[in-house]
Amino acid sequence: MGANDRMELAATIVLNGLTLAALYFIVASGFSLIFGLMRVVNMAHGTLYLVAGYVGYAVFEPLYDQDLWWAWYAGLAAGVLAAAVFGALLQQVLLGWMQGQELRQALVTIGISIIAADQILAIYGGNPRQFFAPDAIFGSTQVPLVGGYPTFRLVQIGVAVAVGVGLWLLLNRTRLGMMIRAGVDDREMLGACGVNVPLVGVAVFALGAALCGLGGVIGSTAQPLAMGQDGRFLLISLVVVIVGGMGSVTGTAVGAILVGLAEQLGQAMFPTYSVVLTFVMMVAVLALRPQGILGRA
Amino acid sequence: MRRGLAIAAALLLLALPWLLHAVLPANQAGFWTGNILGRALVFGIIAMSLTFLATYGGFVSLAQMMIAGVAGYALAIFVEGAVPRIVGGAGYALAIPLGVLAATLMGLLVGAIAVRTRDIYLLMITLAVSMGVFRFVETNITWFNGYEGIRNVVGPSLLGLDFRNPWVFYHVTLGTAVLLFAGVMYLVRSPFGLVLQGIRDNPRRVSALGYNVALHRIAAFGVAGFIAGCGGVLATIYNIGISPGTIGLGATVNVLIMAVIGGLGHPVGAFLGSLIFTVFDTFAATIYDRDRFNTLIGLVFLVIVLASPDGVLGVGARLRRLLGRRAADK
């Protein structure tokens, strides 16, 4: 293998790692946001991914059959909306009134995830399905060093960057963001200032769930959607926020990039042991910085 | 009086197969003995390792099923006759202690990894660690035979009695469960157990008294690893082998469901919970729909968490208090 080929391979692996990291960031940022304000470990986060994927697909498929160019966008909107409604209901109906009982909330979301996954299986069956990206973002693009690369994966990176910047602006530049940040520091005081904290909670839950839903539709376009993805993305969200730091957008981005790169590098270098690399990294972070790389102590 | 009750319960459990035999046809009695009571005891042991940590240490660990699986895999790797042969050569008398030892070491390792975390952080980290092990085992062919797992771990024959006989299996499992249960009840009254409960209530104060909190925590995870390992060995023999699915997310959550349904307030809850779980699992077809077992058990779990966070044990305690008040009113 020439130096040029090796260069190309290395660049491809890094780009693959980054596109994977982009998807992980979109999904995990919702998890991190919910955890940051609400202190809720949403074990049903992977379920939101499934809900968005399957509901989105149910809207997408008939439109796609009619060759409508906006089929994918409609599916995306439906999926994101479904996840947001699911998340808001979860907080409003089940979790809101047991605020502060963190373990109980985690158990409730586990129960919900079991029931929801089983019902999704009952309604949609076990066949995997996959969205087809619209023509505008389909096909391949020439990337320096790498050559032809699927356009949709590049779009994935773009969406992740937009989500990151959007979240940062929302948290740091808007009134809602101010309330969220205040709520992270001191919920009681925020309530005493006249803010409707439960309503902010529902909004945050809906937003976090919507982000996971966005990840769900985008992820199900890049790779097949099937049962079991809920566990996979719950696990990835956990590892990303443990590594990056709980409740911090930048930390989630760092965590996602590290996990995505580790996964791709590991698969290229030692396929049967690639999983170990991710978890060795997690254990190392826990040993040295239990709050995560960018987490606040 | 409590001791009398415990002995009576143990005697009843000991005689249960004969009682079942008297009231049920022979094949059904065998099924109840092996596949419901025996299985409930096996998973009760694994769930008890979680309950032990939760009740006396305040740690809700989601790594216990994975640790049980480590024991099962170690047994399957070393024992002669397993298919495929990974290492082989060892008899059950050697392979079973090796399995339990492996689980104890894994328990210590998980305890060390999670030593600086509490509550939901601990829950997240133990889940992440066990899913990491699961995915490693699933993709590694050399040591764990990947997705297929290792088959044909039939179990030893004891004094000429075959382990595959449900009565033998039931009584060995019952003996193990009773010994481990008694061990836990003894341990929590020992100085070690008292320090552990002190850590649960206030780690700082215990640390100020001069105890090494981290070491006690890791040791507690080691004890739980030993318990889970015993359960894992029995579960592997029960299933005649082990595959990655045994330690997957579903199995991990199932053990949590058993422990929570039974109640995290006392180790006996683990056995209650696993019995309820097993009965539901077996008769889901009659109750609702075979394929929708997860919805059924999920609903039961959700109702318990919402209505009585301390499980069936808590329901019992509440009823007793209610009846006591009624009696006092009269």
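Colleague: Let's start with Phe138(A). Is that buried, exposed or partly exposed?

Modeller: Phe138(A) counts as partly exposed, because it has 14 C-beta neighbours inside 10 Å, and buried would take 20 or more. Keep in mind that this is a predicted model.

Colleague: Where is Phe138(A) in the fold?

Modeller: Phe138(A) is in the loop between helix H4 (102-124) and strand E1 (140-143) of chain A.

Colleague: And what is Phe138(A) in contact with, leaving aside its neighbours within four places in sequence?

Modeller: Ala133(A), Thr151(A) and Phe152(A). As for Phe279(A), that residue is 141 residues from Phe138(A) in sequence and 34 Å from it in space, C-alpha to C-alpha.

Colleague: New topic, helix H11 of chain A. What span should its 15 residues have?

Modeller: At 1.5 Å a residue, H11 (residues 274-288) should span 21 Å, and its end C-alpha atoms are 22 Å apart, so the two agree.

Colleague: Which residues of H11(A) are buried?

Modeller: Val275(A), Thr278(A), Met282(A), Val285(A) and Leu286(A). They cover an arc of only 100 degrees around the axis, so they sit on the same side of H11(A).

Colleague: What about the other side of H11(A)?

Modeller: Over there Ala284(A), Ala287(A) and Leu288(A) are exposed.

Colleague: So what do the buried residues of H11(A) pack against?

Modeller: Both chains contribute: helix H9 (229-244) and helix H10 (249-269) from chain A, plus helix H4 (92-113) and helix H5 (119-139) from chain B.

Colleague: Good lead-in to the interface. How many residues of each chain are in contact there?

Modeller: 27 residues of chain A are in contact with 33 residues of chain B. On the chain A side, H4, H9 and H11 each supply at least two residues. H4(A) gives the largest share, 13 residues.

Colleague: How do the chain A residues that touch chain B divide into nonpolar, polar and charged?

Modeller: 20 nonpolar, four polar and three charged.

Colleague: And the largest nonpolar core, which residues touch the most other members?

Modeller: Tyr24(A), Ala83(A) and Ala128(B), in a core of 195 residues. Helix H2 (residues 26-57) of chain B gives the most to this core, with 16 residues.

Colleague: What does Ala128(B) touch, not counting residues up to four places away in sequence?

Modeller: Leu235(A), Leu238(A), Val239(A), Ile242(A) and Met282(A). Met282(A) is also one of the buried residues of H11(A).

Colleague: Is Asp119(B) buried, exposed or partly exposed?

Modeller: Partly exposed, because 15 other C-beta atoms lie within 10 Å. Ile240(B) counts as partly exposed too, with 13 C-beta neighbours inside 10 Å.

Colleague: Last one: where does UniProt put the transmembrane regions of chain A?

Modeller: The unreviewed entry places them at residues 12-35, 70-94, 106-125, 154-171, 233-262 and 268-288. In the model, residues 70-94 are 96% helix, with end C-alpha atoms 36 Å apart. Residues 268-288 are 81% helix, and there the ends lie 27 Å apart.

Definitions and conventions: Residues are numbered from 1 along each chain as its sequence is written. Chains are lettered from A and ligands numbered from 1 in the order in which they are written. This is a predicted model: local features need pLDDT of at least 70, side-chain atom pairs count only at pLDDT 80 or more; totals for chains, interfaces and linings use all residues. UniProt positions are given in the numbering used here, feature names are shortened, and annotations may be inferred rather than shown by experiment. Helices (H or I, at least four residues) and strands (E, at least two) are DSSP runs, numbered from the N terminus. A nonpolar core is a set of buried Ala, Val, Leu, Ile, Met, Phe, Trp, Tyr and Cys residues joined through C-beta atoms within 7 Å. A residue is buried if 20 or more other C-beta atoms lie within 10 Å of its own, exposed if 12 or fewer, and partly exposed in between; C-beta atoms are placed from the backbone. Two residues are in contact if their C-beta atoms, placed from the backbone, lie within 7 Å. The expected span of a helix is 1.5 Å times one less than its number of residues. The arc is that of the directions from the helix axis to the C-beta atoms. Ala, Val, Leu, Ile, Met, Phe, Trp, Tyr, Cys and Pro count as nonpolar, Asp, Glu, Lys and Arg as charged, and the others, Gly among them, as polar.
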